[in-house]
Amino acid sequence: MSIENKLKDLGIILPATANPAAAYVMVSQSGSLLFISGHIAKRQGAVWAGKLGQELTTEQGKEAAKLIAVDLIATLKSHLGDLEKVKKIVKVMSLVNCTNDYTEQHIVTNGCSELLVEVFGEKGKHARSAFGVAQIPLGACVEIEMIVEV
Amino acid sequence: MSIENKLKDLGIILPATANPAAAYVMVSQSGSLLFISGHIAKRQGAVWAGKLGQELTTEQGKEAAKLIAVDLIATLKSHLGDLEKVKKIVKVMSLVNCTNDYTEQHIVTNGCSELLVEVFGEKGKHARSAFGVAQIPLGACVEIEMIVEV
Amino acid sequence: MSIENKLKDLGIILPATANPAAAYVMVSQSGSLLFISGHIAKRQGAVWAGKLGQELTTEQGKEAAKLIAVDLIATLKSHLGDLEKVKKIVKVMSLVNCTNDYTEQHIVTNGCSELLVEVFGEKGKHARSAFGVAQIPLGACVEIEMIVEV
């Protein structure tokens, strides 16, 4: 099944992508690698703010990570035109905005990892790191960056 | 001297490696680069939990980083079969679970960096970043990811 | 205009670079990619310590990030000899030492991103991630690492 059809099957509609206001870009290519800037969690177009272990539950964090995965795929599509050009999701780094005693960053991050594998299949299996940070721009609850091979 | 002999000389026995339970992998290859997932600190097979500047001393953190280096090498061996295939340890990112005023993340990380150079010699010299994070999955005291050229 | 002339135009004098004391290096090359170790903020040769949202304002953090960009360029020059060899600034990761409720890591990081684009023009436009961390070695207020294509 094509990736576009898988997205349709999963009921995923890719959102419009925005260009950063500042002196950086959302995707930087070097050879066959795409380095995708950190994407912060959004809900209905607005920043999804809050800390895990405080305002947000692990389930909500996992949902936020899944929504970021959708945004990352939208950025990929906007850059590549055709998602079939993706050879492999190489690496994910997931930053969870959390209290000093919250220890389920891996479960939150599964929201992103699982969607990538649902959409890209074997090509979606990636290396990753997940950890808890003191804060994230605009107070977002999760931020994820990605390296992709094309 | 071969890398296996160096490990023997240093009295290092590589542990069995485990596959992640979730939708990611421990090693993702793209071209000649291996991206190795973040490995959390373990002692005798169990997570080594705690915060630097609180439950753990810098010396203990350094020991934890050294043990992670051993686990990273075990993951490399499990993936490559033969450690002689390593051309270069390219990059290390080291996350130290610490209080807001603990500032010796670099000394903790030396535990990993020094072992990599002991084992791989000149090929073990890598770029790196080390910093303190709010938390790490399962409360582990240190987490380290690595990029390796083969 | 050459990059050296742009630096002169901007009144930037590259500082002397130091080699790390420990078992790592400031630049690690793999293929056409240079991985540059995390550089911590310095002022007049000394560590610029402090937390954003506490001792430092966003403007000061932005200035610190700009000074790190200068140091990163100095490291690049020391490694390459000639800055014209830079094909592209690929990726920046920026760690901001901050309180648990400080949310302007992106503005701080603009200090680095903007200087890279001023100096390298189109080639300076990079992907990036910026987030807040619990602490940084020696208490530095910002730490930035970089990937560069040559």
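Trainee: What share of the contacts in chain A with a separation of 6 or more comes from residues 24 or more positions apart?
Mentor: They account for 84%. Two residues are in contact if their C-beta atoms, placed from the backbone, lie within 7 Å.

Trainee: What am I looking at, and how is it labelled?
Mentor: This is a predicted model, where local features need pLDDT of at least 70, side-chain atom pairs count only at pLDDT 80 or more, and totals for chains, interfaces and linings use all residues. Residues are numbered from 1 along each chain as its sequence is written, while chains are lettered from A and ligands numbered from 1 in the order in which they are written.

Trainee: OK, what is the mean pLDDT of chain A?
Mentor: The mean is 96, and 100% of the residues reach 70 or more. pLDDT is the predictor's confidence in each residue, from 0 to 100. Where it is low, the predicted coordinates should not be read in detail.

Trainee: And which ipTM does the predictor give the complex?
Mentor: An ipTM of 0.95, along with a pTM of 0.97.

Trainee: How many helices and strands are there in chain A?
Mentor: Chain A has 3 helices and 7 strands. Their order along the sequence is α-β-β-β-β-α-β-α-β-β. Helices (H or I, at least four residues) and strands (E, at least two) are DSSP runs, numbered from the N terminus.

Trainee: What radius of gyration does chain A have?
Mentor: Chain A has 15 Å, which agrees with the value near 15 Å for a compact globule of 150 residues. The radius is taken over C-alpha atoms, and the globule rule is 2.2 Å times the number of residues to the power 0.38. The C-alpha trace spans about 40 × 35 × 30 Å along its principal axes.

Trainee: How many of the residues of chain A count as buried?
Mentor: 55% of the 150 residues do. Buried means that 20 or more other C-beta atoms lie within 10 Å of the residue's own; exposed means 12 or fewer, and partly exposed is in between, with C-beta atoms placed from the backbone.

Trainee: Let's go to chain C. How many residues of β5 are buried?
Mentor: 10 of 10, in a strand that runs over residues 88-97. β5(C) pairs in the antiparallel sense with β7 (residues 142-149) of chain C over 8 bridges. With β6 (residues 127-133) of chain C, β5(C) pairs in the parallel sense over 7 bridges. Strands pair if DSSP finds at least two bridges between them.

Trainee: Which residue is the bridge partner of C:Val92 in β7(C)?
Mentor: C:Met146. C:Ile89 stands opposite C:Val148 in β7(C). On the β6(C) side, C:Lys91 has C:Ala127 as its bridge partner.

Trainee: What else pairs with β7(C)?
Mentor: Strand β2 (residues 33-40) of chain C does, antiparallel, over 6 bridges. There, C:Leu34 is bridged to C:Val148.

Trainee: Are the faces of β7(C) covered or open?
Mentor: Both faces are covered. In a regular strand the side chains alternate between the two faces of the sheet. One side of β7(C) has C:Val142, C:Ile144, C:Met146 and C:Val148, the other has C:Glu143, C:Glu145, C:Ile147 and C:Glu149, and all are buried.

Trainee: Why do the copies meet through different surfaces?
Mentor: Because only 7% of the interface residues of chain A are also interface residues in chain B.

Trainee: Last one. Where does A:Gln44 lie?
Mentor: In the loop between β3 (42-43) and β4 (46-47) of chain A. A:Gln44 is not a glycine, yet its phi is positive, about 45 degrees. Most residues other than glycine have a negative phi. A:Gln44 is exposed, with 7 other C-beta atoms within 10 Å.
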